[in-house]
Every structure is written in structure tokens, then in C-alpha cells.
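Me: I would like to go through this model and ask what stands behind the labels given to it. Please set each value against its cut-off where one is needed.

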Amino acid sequence: MKRVLPVVLLLACSAPAFGQAVDRQGAKQLSDDLAHYIGKKPFDIGFVKISVDGDAYKLAFDFKPVTDLMAKQQALKFDVTPYFILVKPRKDGHWDVSADVSPKGSIDFVGPEGAQHIDFSVSDNKFTGVYDPDLAAFASATGSMAGMTMTTREPKQQADVTVGAGTAAIVSTKSANGGIDFTVTEKITNFAETIKVNDPKNGLSFPAAVKAPELSVDATGKGLRTKPLLDLLAFIVATDDAAKFKADEAEFKSLLTAALPLWERIDGTYGFKDFVVESPVGKFGATQLKTAVGMDGIAKDGKINYSFKVSGLTMPQQVLPSWSVALLPTDIDLNFDGTNIDLDSMAKKTIETLDFSKDPPLPADFGKQIFADFLAKTPKAILGHSTIKNGNIEIAMEGEMTFPGKKPETSMTIDVAGYDKIVEALQTAAKTEPEAAQYFPFALAVKGFGKALPDGRLEWIINAKADGSVTVNGAMLKPADAVQDNPIMDPSDVTVPDHGSGENDDGGAGAKLKP
């Protein structure tokens with residue numbers, strides 16, 4: 001399924017179908033149009049062939065000519081079974097696209113660690129969709145497969161992957177500000193991967209197995225510039241040497257500019273259900289494991305978002321100190337953002353500076369210039385509200401980092417519910433566990449810097465300045481570098497106020513340095 005989509009997208013070069021007759025002349029026209037995007041060579045060597053098949057065009061892909069060509073160049077060796085897709089013109093100017101293939105094959109190449117071999121096989125792989133030339137994308141499409149297997153072999157590691165039945169769907173519409181808006185959903189069942197590592201030089205030799213009954217992917221996009229991107233691809237294919245790039249530099253820059261901002265926004269999530277990792281040290285697991293990534297396109301005030309969430313987390317207890325088991329997190333929710341990201345100015349300055357009559361086409365110090373410009377726009381890294389939970393203990397965090405100069409400035413707020421339970425667990429364990437006894441004084445020192453909140457939580461507001469100074473709840477933890485370049489103090493240098501009541505007169509920020 002994934003091998004069909006990239007090629008079919010290139011049908012954007014074709015004029016709308018309008019129920020045209022399917023004949024040999026139409027097949028030639030379709031071949032010529034497609035060659036604008038992939039070049040003529042794939043047709044000349046027989047990799048791609050378009051012919052008439054009843055009331056549709058048959059796009060056949062034979063990998064043997066490519067395999068033979070690669071073998072001569074000794075770049076890599078691969079063997080993939082031939083397959084074909086059918087495209088049929090519709091009266092509304094769109095195209096019906098379908099495929100029913102079960103590709104399989106192998107790939108051999110030399111990587112950093114030596115020879116590598118990959119085998120793969122996809123069974124009962126089906127695809128149907130409606131392609132809209134005006135969108136340069138599928139207005140709608142669905143795909144399915146019965147299963148897939150893949151094995152990889154390299155000198156120090158081998159892996160075997162199997163997945164069960166899977167489905168996918170795509171929907172695209174015209175975007176209000178140009179390009180397309182789209183949604184993609186994909187679900188795969190019975191994901192399993194077995195890994196065996198054998199690296200005697202580094203003392204590594206162990207197997208591991210990853211399993212999940214369900215893997216899902218969801219993505220949405222807004223304003224994806226499909227047509228300008230295809231125009232840019234066509235130019236690159238047609239301009240195959242340095243001399244042409246020099247001659248057509250103005251057109252290339254114009255096409256690059258027209259493709260901006262590439263997209264307005266793209267968001268995607270990747271999640272496992274009942275995720276399990278079996279290893280020699282025990283079993284790791286989570287009822288839900290999800291990663292989400294979102295990013296603006298090339299914008300003046302762009303944003304990036306990343307989140308990582310785990311619920312129902314379990315770990316093998318036999319490899320951990322007994323005193324730490326009660327403190328292990330069961331739920332993690334981490335959120336990171338980036339704002340004030342000006343990629344638009346960087347991209348436009350790069351396009352403007354490009355000069356293909358020079359080698360290299362950009363000045364040697366250009367990277368440093370645009371990076372300095374990037375920092376001058378004060379990008380900001382943000383830790384959004386994030387939590388780590390375990391029973392009655394919850395650690396919440398949020399903060400941000402800015403770059404006013406060459407050195408960053410950071411502010412962060414941490415508050416904890418159930419901090420006394422952490423101290424109690426360490427205090428109890430300290431009686432018999434030397435390691436816990438080492439952490440116990442530090443836990444008391446950290447509590448001494450905390451501020452008691454009305455709901456019983458303890459809070460720490462941490463500020464790290466560009467001058468090297470660090471304060472916690474207003475108390476100086478580390479002075480500025482220009483005054484005194486001391487490392488962060490040892491917990492034994494802190495006199496801790498009595499928190500027997502959980503409160504103190506100065507709001508909890510009463511820890512003092514020993515003279």
C-alpha cells in the first residue's frame with residue numbers, strides 16, 4: 001500500500017479525465033505526463049509501463065531493470081515482485097485508482113556495521129481511491145492488508161517483525177488559503193518484534209520482544225502545498241545538471257518561494273495499546289503509550305508541539321532497589337512546545353542568497369548568519385504542564401527557556417503532592433538500605449526549599465539566569481558566575497527548617513546556607 005501512493009500522487013500532471021476514451025493515445029499521453037515528475041529513464045529501462053486494460057489504464061512496475069542497473073553500479077541489491085495499479089478516468093474529471101497486490105522481496109546493502117539483509121512480505125494488500133487532479137491529491141482513499149512480515153540481518157543484530165490485519169483511510173479537501181487539508185487514519189493489529197543483539201566487543205548479548213495488539217496512527221494537515229511541490233519536483237527532474245541550474249536559477253527560486261510555507265499545520269499521533277517489552281531482566285508494559293507531534297510550516301511565528309504519554313506503566317521489580325518500588329511512576333504525561341520559531345525569514349534569506357554560479361552556492365559563514373538571526377527572534381522552548389504520577393504522589397512541572405543571548409535563561413515551577421510519602425519511604429528504607437540513606441538527606445534539603453501551598457502540595461519556583469545564577473523560591477542557590485563560580489551546593493551545606501507542621505513562617509523558602 002505504501003509503495004503505491006507516492007507514484008499515484010504524480011498523476012497530478014495529468015489533465016482532468018472528463019470521461020475521456022481509454023486508448024493507446026491516452027496511455028502515451030499519461031506516460032509523457034508522468035515522465036515530467038519521474039523522468040523518462042524509468043520508462044526507457046522498463047521499470048514503468050502504461051497500457052490499456054479494458055476501460056482503465058494499467059500502470060505496471062517491474063523492478064528487475066532497476067535491480068540489474070543497481071547491480072552494475074554495486075550500490076545495492078534488491079529483488080521485489082512486480083505489481084500494477086489501475087487508473088480509470090471519471091466523468092467528473094477525477095480518476096478511480098485501485099490496486100490488489102501482495103508485494104514481497106529482499107534488499108542487500110553494506111551499512112556502517114557491515115553487510116545487511118532485509119526480507120519483507122505483504123499479504124492481500126488492497127487499495128482504492130478517487131484522485132482529484134485539481135487537489136493534486138486523493139479526495140478519498142482506503143487501503144487494507146491481511147498481514148506483513150519483515151526480517152533484518154546485520155553483523156551485530158537481527159530482528160523479526162510481524163503485524164496482522166491493517167486498514168488505512170485518507171480524505172482531502174481544498175484548503176481555504178491554498179493547498180489541501182487532509183486526514184489520515186491507520187490501524188494495525190498484532191504488532192510483534194523480536195530483536196537479538198550479539199555484540200561481544202561491547203559485552204552485549206540479549207534477546208528482546210516487543211508486542212502490542214493494536215498500533216494506530218492519526219494525522220491531520222492544513223494547507224499542504226501539493227501543486228507547488230509537484231511543480232518544484234518537475235523542475236528538479238527536468239534540470240539534471242549544474243549548467244541548467246545556473247541558467248534557470250531565477251525560475252528555481254520562484255518555484256521554491258511559491259511552495260512556501262509547504263504547509264500551514266501538520267499534527268500526528270502514534271500510539272500502542274497494551275504495549276509489552278519482554279527482556280532478560282523482566283517485563284516492561286503500559287496499557288497505553290502515545291506520542292503526538294505537531295508543527296507549523298515555514299512561518300514567521302511558527303510553533304512545534306511534542307507530547308509523550310504513558311498510562312498503566314509497569315517495570316520489572318527484581319532489577320530495582322526494593323525501596324524504590326513504591327516510588328515507581330505508573331502514569332507519565334510530558335508536553336514540550338517551541339514558539340517564536342521564525343523559519344520564514346531563514347528560508348527566504350536562503351533563497352535570496354543562493355547563487356549557483358558560485359561553488360558553494362551559499363557563503364561559507366551563511367549557516368552562522370542565519371542561526372544568529374534565528375536566535376535574535378527570541379525562540380522559546382516550553383515545558384507545558386506535565387505530570388508524573390504514582391498512587392497518591394504526583395509531580396507536576398511547567399516552565400520555559402529563552403535565549404536572550406548566547407546563554408539560555410530558564411524558569412520552571414515544580415509542585416508535588418505527597419512529598420511527605422517520598423520522604424517517609426526513604427526514611428524507612430534508610431534503616432537498612434545504604435543507597436536510600438544517601439538520598440534521604442537530599443530529600444530533606446529539597447523539602448526545605450519548598451513552599452507549602454494551601455492544598456498541601458509543595459512548590460519550587462526555579463529561575464536560572466544567563467549570568468549563571470540560580471534561585472529557588474527567591475533563595476539564592478547559586479550566585480552569578482561573575483561573582484562566584486561555585487557548583488550547585490551539596491545537600492550537606494544546607495540547614496533545613498523544621499517542617500514538622502508542613503508550614504513555616506516564610507512560606508517554606510527558609511533554607512539557609514551554612515556559614
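Me: Why is S216 called buried?
Reply: This is a predicted model, and in it S216 has a relative accessibility of 19%. Buried means under 20%, so S216 counts as buried.

Me: Where does S216 lie, and what is it in contact with?
Reply: S216 is in strand β14, which covers residues 204-224. Neighbours within four places in sequence left aside, its contacts are E186, K187, T269, Y270 and G271. Contact here means heavy atoms within 4.5 Å.

Me: Why is T378 called partly exposed?
Reply: T378 has a relative accessibility of 40%. Buried is under 20% and exposed is over 50%, with partly exposed in between, so T378 counts as partly exposed.

Me: Which value is given for the phi of N190, and in which element does N190 lie?
Reply: N190, also not a glycine, has a positive phi of about 55°. The element is a strand, β13, made up of residues 180-199.

Me: What is the omega of the peptide bond from L260 to P261, and is the bond cis or trans?
Reply: The omega is near 5°, and the bond from L260 to P261 is cis. P261 belongs to the loop between α7 (249-259) and β15 (265-279).

Me: What share of the residues of the chain counts as buried?
Reply: Of 515 residues, 37% count as buried. For each of these the relative accessible area is under 20%.

Me: What share of the contacts comes from residues 24 or more positions apart?
Reply: Among contacts in the chain with a separation of 6 or more, 58% are between residues 24 or more positions apart.

Me: What is the accessible surface of the chain, and how much of it belongs to carbon and sulfur atoms?
Reply: The accessible surface is about 27900 Å², and 59% of it belongs to carbon and sulfur atoms.

Notes: Residues numbered from 1 in each chain as written. Predicted model: local features only at pLDDT ≥ 70, side-chain atom pairs only at ≥ 80, totals over all residues. Heavy atoms only, no water. Buried < 20%, exposed > 50% of the residue type's maximum accessible area, 1.4 Å probe, protein only. Areas by Shrake-Rupley, 256 points an atom, 1.4 Å probe, with all protein chains shown as cover. Helix = DSSP H or I, 4+ residues; strand = E, 2+ residues; numbered from the N terminus.
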